[in-house]
Amino acid sequence: MFKTRFAAMRATFKQDTWVKPFMAKYRQLLYLVLFLGFMTLFCGSALMFTSGYLISKSASQPENIMLVYIPIVLTRAFGIGRPAFRYVERLTSHNWVLKMTSDMRVKLYRAMEQDAVFFKGKYKTGDILAVLAEDIDHIQNLYLRTIFPTLISWGIYFVVIVLLGFFSIPFALLMLLMLAVVAILMPLFSILINGARMYQQKTARNGLYDKLTDAVLGVGDWLFSGRKSDFIASYEASEAAVREDDAAIKRFNRTRDFLVQLCFGAITIVVLFWTSAVFKGDHGGAANWIGAFTLAIFPLIDAFAPIPEAASELTIYEDSVKRMNALPAVEAATEENPELDVLKNQAFQELTLEDVTFSYQPDGKVVLKQFNLTISPGEKLAILGKSGAGKSTIGKLIRGDISPNQGTVLLNGVPTNALKDQIANWVGVMNQSPYLFNTSVLNNVRLGNIHATDEEVKAALYQVGLGEMIEKLPAGFDTMVEEAGGRFSGGERQRLALARILLQNTPIVLLDEPTVGLDPITEQTLLDTLFEVLKDKTIIWITHHLQGVDQMNQVLFIEDGGIEMTGSPSELLANNARYQMLYRLDRGE
């Protein structure tokens, strides 16, 4: 069991793709941290050693002050050196770790952004919260509380044994074994006993994240079903289990720490007896070394005592590394494609989908099959179809969020998935539930163009019909929208999103069923506003019913991965029997 556990941990850290790259990036700073940490502990022990010698030598009434001059100087030097090295080591180690974790957070957000289209389908909200809230911090603590102290203490361990070997090899071997109890045996014991408990506790806490986020997102259904008390009872039971694990961990820690202190007490007594036996002589002779060696033991407690507790946390670090390694691989930053530089200076000419075939899984259902579509500047296109027909998939392909299995999606001859972030300069998106952040109206709308002035933001709000209403609020345009836009109604939130698009000023606007959930009157009012303020734009409107479709130039109906029917609204209404039936059904006739 012991070998299996450590083999698994070794394999996890060996395959790590999150921490090791940044260790190589900041390796020089890492070496400096280890050196400073070693010097801090060395100065601490050296200070006690020279102080002990100085006290004993001074008590023997030396004939000349010069006999204690060097110990005085060394005591002062080590006394100043210890806090100085400690301070610089803390600054350097925290600087190193913060650089590391900063890069890891950027990498994490890039991984989430890169796979954003599928992220919610692959990962639970509680798992993402666990990564954001705990895993990065665990990686940070892995170095500050485990790796750095362990490497430094092992360095001190090696130096102590070597130095003792100059005085007595048998005693050095005895100290090798006694210190090994604290430096090696206790940490291994902690990993086996407390490590499992800490892993269980972390797993239980992640379960609480899942349960709590799930309940918050569905709080209305809990209340409507009359099962609020059931949820509270279930959550409290899970929380009690976590507290029980926490209590067991603390009990073990107290017992282990007591044993560590006993070990150092035994080491101190052994050193005292050894020095008494080795450094024999009168009061003013070699006996001065007894106090020096004995007092030098106490600073070693600071070096070795934290190791067992830190080692027991390796299991939760292992889990954090596993979770982060399971996230999507982040593509390395590449130089900008010169082809895109040319595209920046162009006006929108054409958007084409050529022989596009796409399925979300290799062996899954084909959503689009040999699909072809050409969209010209200024065109107003409505894409209709049943749920799952592929309407939203077309939108994702146009945005470059996903790539076709076969075929190409080209904007002015450039694949949309190659445009990366530049796609935001060409395609604006208004979806079913635009997110509004808990900040002012001005800041929320300015998301469309962070360089827009207050006057430009206000002008966009007036264009979408919200300017007068917001201006009359007590805080005016500085009104806080509250979390997720709770301050405003569904129709108002969509108008705020439309104002963002106006500021973004892209030639193409993708409307992905923006009126879902609105009442018919609000829906029609919003559609009239949309098509009025976007009249100079190319519009791709993904919708599931026909209200407002008469304002489009072309209607496309998708079925079985291809185009079932297409034409202008007037042509289809006059000549296509199926469209006529859909038109009547949509109006409840």
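Biologist: Start with F171. By its relative accessibility, does F171 count as buried or exposed?

Modeller: F171 counts as buried, at 5% relative accessibility. Buried means under 20% relative accessible area, exposed means over 50%, and partly exposed lies in between, with a 1.4 Å probe and only protein chains as cover. This is a predicted model, so local features need pLDDT of at least 70 and side-chain atom pairs need pLDDT 80 or more, while totals for chains, interfaces and linings use all residues. Residues are numbered from 1 along each chain as its sequence is written, and side-chain values use heavy atoms, with hydrogens and water left out.

Now widen the view to the rings around F171. Ring pairs link F49, F167, F171, W274 and F293 into a cluster. What is a ring pair? Rings of Phe, Tyr and Trp (its six-membered ring) pair if their centres lie within 6.5 Å; planes under 30 degrees apart are stacked, over 60 edge-to-face, and the rest tilted. By this rule, there are 11 aromatic pairs. One of them joins F49 and F293: the centres are 5.2 Å apart, the planes stand at 80°, and the pair is edge-to-face. F49 sits in helix α3 (residues 27-59) and F293 in helix α10 (residues 288-304), so this pair ties together parts that are 244 residues apart in sequence. Helices here are DSSP runs of H or I with at least four residues, strands are runs of E with at least two, and both are numbered from the N terminus. F49 is partly exposed, with a relative accessible area of 23%. F293 is buried, with a relative accessible area of 9%.

The partner of F171 is next. The rings of F171 and W274 have centres 4.1 Å apart and planes at 5°, so this pair is stacked. F171 lies in helix α7 (residues 169-217) and W274 in helix α9 (residues 228-278), so the pair ties together parts that are 103 residues apart in sequence. W274 is buried too, with a relative accessible area of 11%.

How does the cluster sit against the record? An unreviewed UniProt entry lists residues 29-54, 66-85, 147-167, 173-193 and 258-279 as "transmembrane region". UniProt positions are in the numbering used here, feature names are shortened, and annotations may be inferred rather than shown by experiment. Take residues 29-54: the span is 100% helix and 0% strand, and its end C-alpha atoms lie 36 Å apart. Residues 258-279 are 95% helix and 0% strand, with end C-alpha atoms 31 Å apart. An α-helix has 3.6 residues a turn, so residues three or four places apart point the same way.

I65, M66, Y69, I70, V73 and L74 make a nonpolar surface patch of about 600 Å². A patch takes residues with over 30% relative accessible area and no salt bridge; like charges are joined within 9 Å, and nonpolar side chains (Val, Leu, Ile, Met, Phe, Trp, Tyr) within 5 Å. The areas come from the Shrake-Rupley method with a 1.4 Å probe, and for residues only the protein chains shown count as cover. V73 counts as partly exposed, at 38% relative accessibility.

Last come the charged pairs. Side chains of opposite charge can pair when their charged atoms come close. A salt bridge is a side-chain nitrogen of Lys or Arg within 4 Å of a carboxyl oxygen of Asp or Glu. The structure holds 9 of them. One joins the side chains of R256 and D257, at 3.4 Å from N to O. R256 is buried, with a relative accessible area of 2%, whereas D257 is partly exposed, with 31%. Another salt bridge joins E564 and R578, at 3.5 Å from N to O. E564 is in strand β10 (residues 562-567) and R578 in helix α21 (residues 577-586), 14 residues apart. E564 counts as partly exposed at 42% relative accessibility, and R578 counts as partly exposed at 25%. Salt bridges that share partners join K386, E559, E564 and R578 into one network.
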